[in-house]
Every structure is written in C-alpha cells, then in structure tokens.
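Trainee: Can you walk me through this one? I'm new to reading structures.

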Amino acid sequence: MSVARNTLVQSSLTLASRVLGMVRDILLVARIGAGPIGDAWATAQQFPNLFRRVFAEGAFASAFVPTYARTLEAEGAEAARVVAQEAMRVLFAATAALTILAQVFMPWVLLLIHGGQADDIVHYNLAVFLTRITMPYLTFMALGALLSGVLNSSERFILSAGVPTILNLCLIPAAFVSTDPVITAKAASIAYFVAGVLQAGALWWGVSRQKVHLSLIGWPRLTPAVRKVMLLALPGTIAASGTQINIIVSQSLASFEVGAKSWLYAADRLYQLPLGLVGVAVGIAILPRLSRAARALDDDSSRATMDEGIGLAMALTLPAATALMLAPVFLIDAFFVRGAFLADDAFQSGSALFHFAWGVPAFVLIKVLAPAYFAREDTKTPMRYALVSVFINTALGAGLFFWMKSHGQQGFIGLAIATSIAAWVNVALLWTTLIRRDWYRPGPRLASGLVRAVLATAIMSVVVWLMMQNLEPIKAHLYDSKALTAVALVLAGGATYALAAIITGAVRISDIRRTMRR
C-alpha cells in the first residue's frame with residue numbers, strides 16, 4: 001500500500017473522530033465556559049490528552065514498531081508475540097504504579113501544572129478531584145499504544161485510527177447530564193475513564209483477530225528484548241511528544257492568568273486538527289516502510305518515502321495553517337461562542353490561535369521527520385532535540401508571558417508564540433541532522449511540489465480573505481448562522497485549494513487514481 005493510501009485510511013477515520021471531537025468540545029465548552037471551573041476541567045484533561053497524543057497517536061508506537069517488526073521478520077510470529085507480551089506486562093505494571101502514585105500525590109503534582117491557581121482552594125481542589133478521575137486513562141492508553149503498534153506493523157491501520165472515536169462517543173452524553181458546570185465536568189471526567197477501558201478492549205479484540213494472542217497474566221520480566229524495546233521507547237516517546245510537552249508547559253504557565261487555560265484549550269482544539277489528520281497519519285503510514293528500507297539498506301526507497309510523506313504533509317497542512325491565520329477569531333467565535341463561553345473569550349482564544357497557526361507546519365513536520373530516526377532505531381537524537389525545544393519553549397514562554405503581563409497585555413499569547421518558535425527550532429535540528437548524516441536528501445520532485453503547494457495556497461488565501469471581507473452578506477444568506485458561515489468558509493477554501501492544486505500540479509489526477517486503486 002502507498003504512503004498516500006495508508007495516510008488516507010488514517011486521516012479519514014481521524015477526521016470522523018475529530019468532527020465528533022468538535023461536537024464534544026462545543027457542547028462541553030458551552031456548559032462549562034471559561035474561568036476557574038473551565039480551567040480546572042482543562043487541567044483534568046491535560047493528562048489524558050497528553051497520553052492520548054503520546055501513546056494513541058503514534059509516539060510510543062513509533063518507538064515500538066521497528067523492534068517488533070524486526071523481530072517478526074527475523075525470528076517469526078511467535079518470537080514477536082513473546083516480545084509484545086513481555087513488553088505489555090512491563091508497560092502495564094509501570095503505568096499502573098505511576099497512576100497509583102499520582103492518585104496519592106495529586107495535590108502536589110498539580111502544583112506543577114496548575115500552581116497559579118493554588119490559592120483558589122475550592123477550584124484547585126476541583127482540579128485535583130477531576131484529574132484523579134481522568135488519570136487512569138494513562139494505563140489504558142499505554143496498553144492501546146502497544147496493541148496499535150502490533151496492528152500497524154502489519155499495516156493494519158483502520159482499528160487503531162478508529163478507536164479514538166470511542167472517547168468522543170463517551171464524552172458527548174456527559175454534556176447533557178446537567179446544566180451545572182461542576183457536575184458536567186465531573187461527568188465528563190468519568191467518561192474519560194470509561195472510554196479508556198473501551199478503547200483498550202477494542203484494540204485487544206483487533207489484535208486477537210490477527211491471531212496474536214497476548215496475556216496480562218504473569219509477572220513482568222525485563223528480558224533482553226523488553227529492555228531493548230524500553231531503551232528505544234522511552235527516548236522515542238519523549239522525542240515524538242515534544243510538541244505535547246510544550247503544550248503542557250504553556251498550560252502550566254497559563255494557570256497564573258485566570259481563564260487563559262480555557263482560551264488555550266479552545267485554540268488547541270482547532271490547530272490540532274491538521275496535526276492529527278495529517279502529521280500523525282503520515283508519520284504512522286511511513287514508519288513501517290522506512291523500517292523495511294533501513295533493514296534492506298535501500299536508500300532510494302527511504303528517500304522516495306520521505307519525499308512522498310513530506311510533500312503530502314505540506315500539501316495538506318499549508319492551506320489549513322493559512323486559513324487559521326486568516327480567520328482565527330471568527331472560527332473560534334463561530335464554533336465555540338454559546339452558553340457560558342462568551343464573545344470576549346473567542347477574541348482571546350483567537351489571538352492565541354493565530355500564533356499557533358504559523359507553527360502548525362512545524363508541528364506536522366516533526367511527526368514526519370522523526371520516523372526517519374525511529375526506523376534506524378535512533379531515538380536518542382530526536383529526544384535531545386525535543387528537549388531542546390522544551391527548554392526554548394519554557395524559557396521564551398515564561399519570559400514573554402510575564403513581560404507581556406507587566407506591560408498590560410495578555411501573557412498567554414506569548415506562550416503560543418514560544419510554542420511555535422520552539423517547534424520550528426526542532427524541525428531545523430531534525431532536518432539538518434538527517435542531511436548531515438546522509439540519511440535523507442530532498443529530491444527535485446519534492447521541491448517542485450512544495451512550490452506548487454505554496455502557489456495553490458496563495459490562490460486559496462485570496463478567496464478566504466475576500467470572504468472574510470464580506471461575512472455579513474454571506475451570513476445573511478445562511479440563516480444568519482455563524483456556524484454555517486464558518487462551514488461555508490472552510491468548504492469554499494478547501495474547494496478552491498483542491499482546484500488550484502490540480503491546476504498548478506501540486507496534486508496530480510494520476511496520483512489520486514493510483515492512490516485509490518487497490
């Protein structure tokens with residue numbers, strides 16, 4: 001299967017999940033709003049969101065897949081099954097122990113990510129209570145990541161891409177439990193726990209269908225194979241989750257500004273769409289191919305796969321990032337302003353979204369470039385670069401946050417700026433090191449494709465800008481609905497880009513036909 005087809009499978013199912021996710025967030029934000037309760041709810045989601053993105057969206061699997069695939073090819077299915085089972089038992093024991101410790105020490109743990117509101121005892125205790133409920137999601141996502149890795153090694157992407165939908169199906173009903181924000185937040189936290197159980201169970205069923213029979217019963221053992229997996233997985237997980245760690249750092253600093261965590265959360269829901277739909281999907285799709293090429297010392301295949309992955313990722317990401325930069329406040333306003341989330345909240349959140357938007361291509365490129373290292377079982381280099389980006393984000397974010405506050409501005413906007421700058425630094429380090437080690441050199445077709453994608457994006461930008469100048473007449477023809485107007489804006493921009501991409505040659509009809517052909 002081609003990278004494009006594998007990406008299409010991932011992206012299609014992820015799109016369904018993200019659409020439901022938008023419905024979920026619109027409903028919950030309307031019920032809970034921005035402010036101390038909204039900030040407590042955002043804090044409770046930090047752990048499950050981090051672990052969902054780190055584990056379920058491919059970071060852990062990116063480190064596990066090369067080792068499992070190599071064992072499968074060199075020693076057979078039974079040896080690979082044993083490696084997966086032993087690794088799963090160790091991972092389960094470690095994450096379960098971490099979850100239990102977090103339950104005990106949660107009031108002190110949250111001082112690191114919610115310390116700015118520690119003086120508000122009522123709402124700080126609410127954040128502690130909600131996070132204790134959501135924390136077990138870690139264990140279920142760790143199991144799910146390993147099970148997804150087993151499926152992805154066989155290029156079975158459908159189930160691993162589809163299970164996040166379960167989370168949204170569990171959370172949406174929580175928005176209708178009560179009109180009280182606190183009760184709604186508690187119901188949604190319980191829904192996280194239930195979703196974790198169901199997601200892990202669905203993936204277990206999927207692995208069993210592939211005749212890979214695993215068992216959690218038995219003492220965890222650090223066998224040589226498991227130690228190798230863990231030595232690769234730990235730095236690989238840190239490397240692939242640098243962006244998510246930066247988000248946690250930004251949220252921690254934002255706790256010193258009431259409402260900022262809620263505003264950043266709303267912005268996060270929009271700019272994470274291209275990252276989940278494109279970056280994660282392409283990264284997962286190219287890893288098995290890169291691993292096989294690395295084992296066969298096939299440099300031509302490896303370069304072609306990277307060219308295809310980067311070209312596809314940028315062709316899909318550049319228009320999305322540009323649209324978010326052109327209409328950040330309007331999009332937040334259209335989708336989230338209702339109930340307890342007000343127009344001023346949309347303005348604040350949109351201000352942050354603009355600065356996240358120009359970092360979106362970097363967020364996606366990190367997901368595409370890191371697998372080139374993972375395929376060669378080098379997880380330490382991306383980890384070091386991820387930690388560099390975390391340091392830059394922390395230092396620059398803190399500096400901008402307090403400097404802007406001291407000058408009468410909203411400090412949380414500086415956090416968005418720092419996150420995007422840190423991501424671009426990470427990309428520069430990953431890219432230059434690949435070239436220096438002669439692991440990858442972009443081909444002429446990639447350069448040509450990028451130029452054509454930029455040109456198509458420029459054409460789309462003109463259409464979106466013109467629509468933004470005429471929002472009121474457009475809205476008048478759409479039942480005076482901001483949401484329908486936003487949908488029309490997105491669809492018109494998407495259609496314009498698709499047409500422009502075909503005209504400029506950024507996308508070829510022959511490539512589309514080949515992608516869809518079985």
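Mentor: Start with a definition. The angles run from 0 to 180 degrees between N-to-C directions, and the axes are lines fitted to C-alpha atoms, for helices over the stretch in contact.

Trainee: And what am I looking at?

Mentor: A predicted model, where local features need pLDDT of at least 70, side-chain atom pairs count only at pLDDT 80 or more, and totals for chains, interfaces and linings use all residues. Residues are numbered from 1 along each chain as its sequence is written, and side-chain values use heavy atoms, with hydrogens and water left out.

Trainee: What counts as a helix here?

Mentor: A DSSP run of H or I with at least four residues; strands are E runs of at least two, and both are numbered from the N terminus.

Trainee: OK, at what angle do H13 and H16 pack?

Mentor: About 165 degrees, with the axes 9 Å apart. H13 covers residues 299-326, and H16 covers residues 360-374. The two are therefore roughly antiparallel to each other.

Trainee: Is their crossing left-handed or right-handed?

Mentor: H13 passes H16 in a right-handed crossing.

Trainee: What about H17 and H18? At what angle do they pack?

Mentor: About 155 degrees, with axes 8 Å apart. That makes H17 roughly antiparallel to H18. The crossing of H17 and H18 is right-handed.

Trainee: And how does H15 pack on H18?

Mentor: H15 (residues 343-357) and H18 (residues 412-436) pack at about 15 degrees, again with axes 8 Å apart. That makes H15 roughly parallel to H18. Their crossing is right-handed.

Trainee: Back to H13. Where does Ala315 sit, buried or exposed?

Mentor: Ala315 is in H13. With 10% relative accessibility, Ala315 is buried. Buried means under 20% relative accessible area, exposed means over 50%, and partly exposed is in between, using a 1.4 Å probe and protein chains only.

Trainee: How far is Ala315 from Ala506 in space?

Mentor: C-alpha to C-alpha, 7.3 Å, yet they are 191 residues apart in sequence.

Trainee: Why is H8 called largely enclosed?

Mentor: Nine of its eleven residues are buried, so H8 (residues 164-174) is largely enclosed by the rest of the structure. Among the buried ones are Pro164, Leu167, Cys170 and Ala174.

Trainee: New topic. How many salt bridges are there?

Mentor: Eleven, from a search of the whole structure. Each is a side-chain nitrogen of Lys or Arg within 4 Å of a carboxyl oxygen of Asp or Glu.

Trainee: Which residue does Asp25 pair with in helix H12?

Mentor: Asp25 bridges to Arg269, with the closest N and O atoms 2.6 Å apart. This pair links distant parts of the chain: Asp25 is in H1 (residues 3-32), Arg269 is in H12 (residues 260-295), and they are 244 residues apart. Asp25 and Arg269 are both buried. Asp25 also meets Arg24 in a salt bridge at 3.2 Å, N to O. Arg24 is buried too, at 2% relative accessibility.

Trainee: Which salt bridge does Arg441 form?

Mentor: One with Asp438, at 3.2 Å between the closest N and O atoms. Arg441 is partly exposed at 46%, and Asp438 is exposed at 52%. As for networks, salt bridges with shared partners join Arg24, Asp25, Asp268 and Arg269.

Definitions and conventions: Angles under 35 degrees count as roughly parallel, over 145 as roughly antiparallel, 65 to 115 as roughly perpendicular and the rest as oblique. A crossing is left-handed if the near helix is turned anticlockwise from the far one by less than a right angle, and right-handed if clockwise.
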